[in-house]
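Here are some questions and answers on a strand and a ligand site. Look at the structure before reading on.

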Amino acid sequence: MSLITVLAPAENRPLFFLRCADSAYVCGVHPSGALCHLHWGKSIAPDASLAARLDADAVAFSPEYRRNGAVNSKAGLDVLRYEYPTANTGDFREPAVDVLHADGTRGLRLVYAAHRVLPGKPALAGLPATYVESPDEAETLEIDLRDASDSDGKDVAGVVVTLSYTVFAGRDVVVRSARIANRGAAPVTLTRALSVSIDFASGRHDLLTLPGAWARERWVERAPLRSGAQWIGSRRGASSHQSHPFFVLLSPGADETRGEARGFSLVYSGNHHGGAEIDQLFQARAVLGIQPDGFAWRLAPGEAFQTPEAVLAFSAAGLGGMSAQYHRLYRERLVRGAWRDRERPILINNWEATYFNFTADKLASIAKAAGELGIELFVLDDGWFGKRNDDTSSLGDWFVDTRKLPAGIGDVGRRIQAEGLRFGLWFEPEMISPDSELYRAHPDWCLHIPGRARTEGRNQLVLDFSRAEVVDTIFERVAKILREAPVSYMKWDMNRHLTEVGSAALPAERQGEVFHRHILGVYAFAERLVTEFPELLIEGCSGGGGRYDPGMLHYTPQFWCSDNTDAIARLRIQHGTSLVYPPCTMGAHVSEVPNHQLHRTTPMKTRAHVALAGQFGFELDLTKLAAEDLAAAREFTEQAKSTRHLLRHGDFHRLLDPHEGNTAAWMFVSPDRAEAVVTVVLALADPNWRLPALKLRGLDPATTYRCVHGPAGEWRGDVLMELGLPLDGLHCDFESLRWHLKRV
Ligand code: GLA
């Protein structure tokens, strides 16, 4: 049976049924010609009688649907449940798309024109996207909507919107995007082009979002929807620490394992806009896409605009079930390249060990100590290029600083390799320091507006990646280092947001395109990088986890989760991040104490246990560690190696939420359920209190598990899941326990 079924209960009014693993998505054409939403939730069978449910009765002050001059339907245009709503033609809620026509008027009336069902999933030109490896993994429905005077009427402006829906076999995921084409004779300006909009008949949902700040990324917030709009968004030119391009609608009372969760995740790294609006009938409209503020895209006749895609995941088993859908899809069909399925190296990064102050000998001494512990990759962070001894200069000058590293970067790499480690290097490709050779040669290569001050952030400006020659030059400089030195890993950083967003290379009428063109340039750079260096492991970074989004993950299989390396602060950050991203994409390091961000002192064991929940590494000066801490570091490196297959391929379960109490807990289970790792961290102890046993998930009830590492014990799976794992031994602030369980 195919994944997409199209029924035609009335002429030219098809009903579309999209079948997911345990869920369904249904939409169809209303008598007005509008494409309307019917269902996204638990599975239902294709049923032609559902066509009658597309209508929504007009209420007072509803603009009416008329055909040939007569009121032809009881439908109110401002309460219909649309799939891609427009403005200025009857609906007053948040539009998904809007156009400024050549005559200065705005608005579209989109009616159904045609559809196609395609095997597999077509690529999105120039944009990162989920993908298939063979056409039988998915099916894609494309629906063309044209801008007409009414359902039978002639085309008004020649704008055609093609909505794309992909469903994957065996997954509870629908991927949506839109392509807007100008097939008319005059240019139009797109002022809004979101990726998805869905109108739900009921507004009874909680909205869960992941707001944050530098060093406090992706905390979880949840509140019931109420009348009016509740938006998230970024105008920073990056997905950002402050807002995250992801939200969930939850049925009231839904929790980690129960209730309905509908996730919306945008595969995009620039400005976003999303959230939900409750209308006069308490219906909910959820939208997600490119931020309309600062966006105006000119479409000349014959041109088309492709939106990024939004990944929608459904689960009737709560947030945990929804996260499992995202984890599997993003691990298997968003991340790409040689490192997608490989276990990743355990690394040491010199940033918190030395900051800008290092010599080749110093780096080699850290690498030597790391090699002795079994660490596999040494990352040289910021400060190796130009004349960069602090953050006031040299971005753009990607030439080794021979005063600091006289024998060159290749020599550093070879010395690291001689200690038995791979070598990695930090770059910040999109940035330019006013104090740089590059800026002196090309002062107009940064984003700027003539006549206005160029606002700096961390003493730097942003290169104009909407210009191909800028991307080319930076790529060649970065690639030259990667070609000549033995570099097998790159940390790709991005340390400020965009201001004075204008391009010296674009005409006045295209300045509204700069935000998006800049991001397309970032993706073009990434594409060239992964194409020329397919074996390079890239870790994304943006002042920590500021641009940790599905767009970047397509090219960078792991991301530095946060500059905050404090183990206790990381609990919330990693918990929130795990709602949508698999832990194998999260860079997590053991750093020194007192912690550099929070000045808190936590035990080495706890720091390691928290870092073992992600791509494990160290970020401290190993040469200064006491013998006892060195022994512990060796031990945790061994644990990371012996359990990293679970991180890579296992199922992740959040057991205790650090936002809700003093304790956090999580676990990984191997796909065959023969093995698991469980971690518990007590943030703050309470007096006269005993922690209840921790109920595990995802095990085989009939299997007996033995603890091969951690507190001794042997238990059956059903006992561990129903009665729980006894938490003896957790009494003090910042203590943790970690069990590695294996089938007896
Ligand atoms: C950012 C990163 C850090 C480090 C510094 C270097 O803040 O998040 O990990 O690389 O830049 O300047």
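A polar contact is a pair of N or O atoms within 3.5 Å. The model discussed here is predicted.

Q: How far is an oxygen atom of the ligand from an N or O atom in the side chain of W426?
A: A polar contact needs a pair of N or O atoms within 3.5 Å. The side chain of W426 supplies such an atom, and its distance from a ligand oxygen atom is 3.0 Å.

Q: How much of the ligand's accessible area does the protein cover?
A: The ligand is surrounded by 13 residues, with D381, D382, K491, G544 and D563 the closest. This shell holds four nonpolar, three polar and six charged residues. On its own the ligand has 310 Å² of accessible area, and the protein covers 96%.

Q: Are the residues of strand β29 buried or exposed?
A: Strand β29 spans residues 537–540. On one side lie L537 and E539, on the other I538 and G540. Both faces are covered, and these four residues are all buried.

Q: Which helix does the chain pass through from β28 to β29?
A: Strands β28 and β29 pair in the parallel sense over four bridges, with Y489 opposite L537. The β-α-β crossover between them is right-handed, and its helix, residues 514–532, is α7.

Technical notes: Residues numbered from 1 in each chain as written. Predicted model: local features only at pLDDT ≥ 70, side-chain atom pairs only at ≥ 80, totals over all residues. Heavy atoms only, no water. Buried < 20%, exposed > 50% of the residue type's maximum accessible area, 1.4 Å probe, protein only. Helix = DSSP H or I, 4+ residues; strand = E, 2+ residues; numbered from the N terminus. Pairing = 2+ DSSP bridges. Right-handed = clockwise from strand over helix to strand, strands pointing away. Near = heavy atom within 4 Å. Polar contact = N/O pair within 3.5 Å; in protein donor to acceptor, adjacent residues only side chain to side chain. Areas by Shrake-Rupley, 256 points an atom, 1.4 Å probe, with all protein chains shown as cover. Nonpolar A, V, L, I, M, F, W, Y, C, P; charged D, E, K, R; others polar.
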